[in-house]
Amino acid sequence: MNVKKAILLLLVVIFVAGMIPSCVTDADEIAVTLSIRAGDEKIFNTKINIVPTNDDGTCSVIDVVNNAIALYEVDIKLDTSGNSITKIKNYDSTSIDGIEYYWMYKINDVEPTTGKANTNYVKDGDTIEYLFYFSEPGATPQAQAKTGLYKSEWELFGEGEETTTQETESSESTAE
């Protein structure tokens, strides 16, 4: 092969190689909104573009959370297995005076009935909303626990000390 043909072939290869990343377009991504709220504090609310991890075009809730941690440096701590959130900003899953405080999520306003965030999946257009809850045991063993959303006026987790909220309309970033 002469030099001109080799150079031409090399240029064609470079051109084609440059086209391949542009072939992986937004059509290969899904857009999921992740919203995080504790009491009155809106901590995070962003549409995240992510490449699905499953052949059916879905990814797990925890995949979206990990993407938010990586792209936006959201202050989120996961349990040792990496499957559940234990802390976001100052809001720690903990027990104070016998009352449990914890993070729960909804997918399109519905709480999953089974599994953790690594076993529940979202698809394009879905919304994940993490909310901070409390659960107070009943006064007697027969009494039901009182459960609900945490209220900011309780000021148990340093509310008002740092008020940085991360909110964007959309994200052009992609995580694989």
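This is a predicted model: local features need pLDDT of at least 70, side-chain atom pairs count only at pLDDT 80 or more; totals for chains, interfaces and linings use all residues.
**Strand β1 and its partners**

Strand β1 covers residues 30-38 and is mostly covered, with 7 of its 9 residues buried. Buried here means under 20% relative accessible area. β1 pairs with strand β2, residues 41-50, in the antiparallel sense. Together β1 and β2 form a hairpin with 2 residues between them. Gly 39 lies in the turn of this hairpin and has a positive phi of about 60 degrees. Ile 30 has Ile 50 in β2 as its bridge partner.

β1 also pairs with strand β10, residues 127-136, but in the parallel sense. Here Ile 36 has Tyr 130 in β10 as its bridge partner.

| Strands | Sense | Bridges |
|---|---|---|
| β1 and β2 | antiparallel | 9 bridges |
| β1 and β10 | parallel | 5 bridges |
| β5 and β6 | antiparallel | 2 bridges |

**The sheet of β4, β5 and β6**

An open sheet of 3 strands has the order β4-β5-β6, and its pairing is antiparallel. Strands β4 (76-78) and β6 (91-92) are at the edges with a single partner strand each, so one side of each has no neighbour in the sheet. Strand β5 consists of residues 85-88 and pairs with β6. Across this pairing, Ile 88 is opposite Tyr 91 in β6.

Helix α2, residues 61-72, lies across β4 and β5. The helix runs at about 135 degrees to β4.

**A general point on strands**

In a regular strand, side chains alternate between the two faces of the sheet.

Conventions: Residues are numbered from 1 along each chain as its sequence is written. Side-chain values use heavy atoms; hydrogens and water are left out. Two strands pair if DSSP finds at least two bridges between them. Helices (H or I, at least four residues) and strands (E, at least two) are DSSP runs, numbered from the N terminus. Contact means heavy atoms within 4.5 Å. Axes are lines fitted to C-alpha atoms, for helices over the stretch in contact, and angles run from 0 to 180 degrees between N-to-C directions. Buried means under 20% relative accessible area, exposed over 50%, partly exposed in between (1.4 Å probe, protein chains only).
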